[in-house]
Amino acid sequence: MLGTRIKTLRKTQKMTQSEVAEGIMTKSMLSMIENGKATPSLPALQRIAERLHVSVDELLLDPRVTEMKQLLEQIESPKSEYYSEQQVIEMLSPYLDPAVPSYWQGQIYHKYGFALRFLNPEEGLRYFELAFDIFKNLDLRDQQIEVQISKVYFLFFLRRYEEAYQLIDSMMVIQDIPLSHETFLDYQMLQALRVSVKEDNWTESIVLLREGIAYMREKGVYIEVISYHRLLALFLSLTGDYASAKTELDKLNHFFLFTEANVYERLLVELTKGSIAIHQKDYAGIRYARERLVEVDIEASYHYIGQFEVYLCLWQKDNSTFDLQDAVKKIWDNVHIWRVASEYDLSEMLRTLALAMTKGTGLEHRDEIERMTAPLSRGYFKGEIEQLLAKI
């Protein structure tokens, strides 16, 4: 607050209220300003700043705001070292209280809330609300929606799917009010996910994703191009349109020719090819995707290697020596990763494990699979898993 900053500077310089107020205003008026009960006029503020040997900007701008900005830029910069969620919590904790009603305070709450997902998720949700309230009071609509989008993914992580989908519905983004490109594309993606999983309406999801791709082309921005084309390919394959799914992935391969795609982005495309090969029951395609993941050798993809090997074991068409028990073990060894994935990814992994159980492998995990299946949205994915479990 302005009054607090004046008081702090005055005391730092060992000045009394009378010394600062002399010739500018009464001592009682300065006391009211310092206590937040009055606001000085601009001429008076300029003279107070001169007397305290600072600029007017230094009086008006809380120095903690600048510190918040610099800290967030440090955490989010691609050139900075990686910060764990525990490190983010420790770095941001000094800026939680007292609150400064500013854009950067809202962003601090937003980032801090997400970092609490393992340590204290309920407290994390509370900080999302604090961030939302600040952005609402500042009339920052884009930031309000960004916080709500983060909250949706947070609820996905907690497997509170119904609550997440209700939040998406409640956001009700009005299309004739412009949003930043990134915010609009994030929101459109959530709508496509909601319609696909909650309503089993892949056709409508395909329409939403194509609208997002058309938007990127129109605006000349490609910040979500990989996610959009990947998800579009997956949903096309679920409708049986494998030719169009292949076309979408071919577009990404052309995109990679003109961009510096990293290993992780290329890996995502290989994962998508493998998932589509499963839908298509394409044994050679599954084997190729599995070999590509093995070449990359990233721990976060080991459960996908296990998933592909399960189908290679069940649909064996050559002299491969994959072992079903070993494949299932690969999946369970990475349970800490896939159990907190999106509902679609979680459903696909549970379906794979249930399928292996129908062949007598992994039966000791039946109770855990049933517990993880219970919160899934009622629809195609959940129904298929329950049918497989009923066969055991």
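The term salt bridge stands for a side-chain nitrogen of Lys or Arg within 4 Å of a carboxyl oxygen of Asp or Glu. Both residues lie in helix H9, three residues apart, which is about one turn of the helix. Helices here are DSSP runs (H or I, at least four residues), numbered from the N terminus. Color the pair by accessibility: Glu-123 is partly exposed at 24%, and Arg-126 is partly exposed too, at 40% relative accessible area. For these labels, buried is under 20% relative accessible area, exposed is over 50%, and partly exposed is in between, with a 1.4 Å probe and protein chains only.

A word on what you are viewing: this is a predicted model, in which local features need pLDDT of at least 70, side-chain atom pairs count only at pLDDT 80 or more, and totals for chains, interfaces and linings use all residues. Residues are numbered from 1 along each chain as its sequence is written, and side-chain values use heavy atoms, with hydrogens and water left out.

**Next stop: Arg-117 and Glu-85**

How many salt bridges does the model have? The count comes to 27. One of them joins the side chains of Arg-117 and Glu-85, at 2.7 Å from N to O. This pair links distant parts of the chain, 32 residues apart: Arg-117 is in the loop between H8 and helix H9 (121-137), while Glu-85 is in helix H7. Arg-117 counts as partly exposed at 24% relative accessibility, as does Glu-85 at 22%.

**Then: Arg-292 and Glu-270**

Select Arg-292 together with Glu-270 to find a salt bridge with its closest N and O atoms 3.9 Å apart. Arg-292 sits in helix H17 and Glu-270 in helix H16, so this pair also links distant parts of the chain, 22 residues apart. Is Glu-270 buried or exposed? Glu-270 is buried, with a relative accessible area of 9%, whereas Arg-292 is partly exposed at 22%.

Most residues other than glycine have a negative phi, and most peptide bonds are trans. Lys-14 lies in the loop between helix H1 (2-12) and helix H2 (17-21), and is exposed at 73% relative accessible area. Now jump to Lys-281, again not a glycine and with a positive phi of about 55°. Look for Lys-281 in the loop between helix H16 (263-280) and helix H17 (283-296); this residue is exposed at 58%. Finally, zoom in on the peptide bond from Asp-97 to Pro-98, which is cis, with omega near 0°. Pro-98 is in the loop between helix H7 (85-92) and helix H8 (103-115).

**Last stop: H18 and H19**

Show helix H18 (residues 302-314) and helix H19 (residues 324-333), which pack at an angle of about 155° with their axes 7 Å apart. Axes are lines fitted to C-alpha atoms over the stretch in contact, and angles run from 0 to 180 degrees between N-to-C directions. H18 is therefore roughly antiparallel to H19, a label for angles over 145 degrees. To see the contact (heavy atoms within 4.5 Å), select residues including Tyr-302, Ile-305 and Val-310 of H18 and Leu-324, Val-328 and Ile-331 of H19.

Technical notes. Helices (H or I, at least four residues) and strands (E, at least two) are DSSP runs, numbered from the N terminus. Angles under 35 degrees count as roughly parallel, over 145 as roughly antiparallel, 65 to 115 as roughly perpendicular and the rest as oblique.
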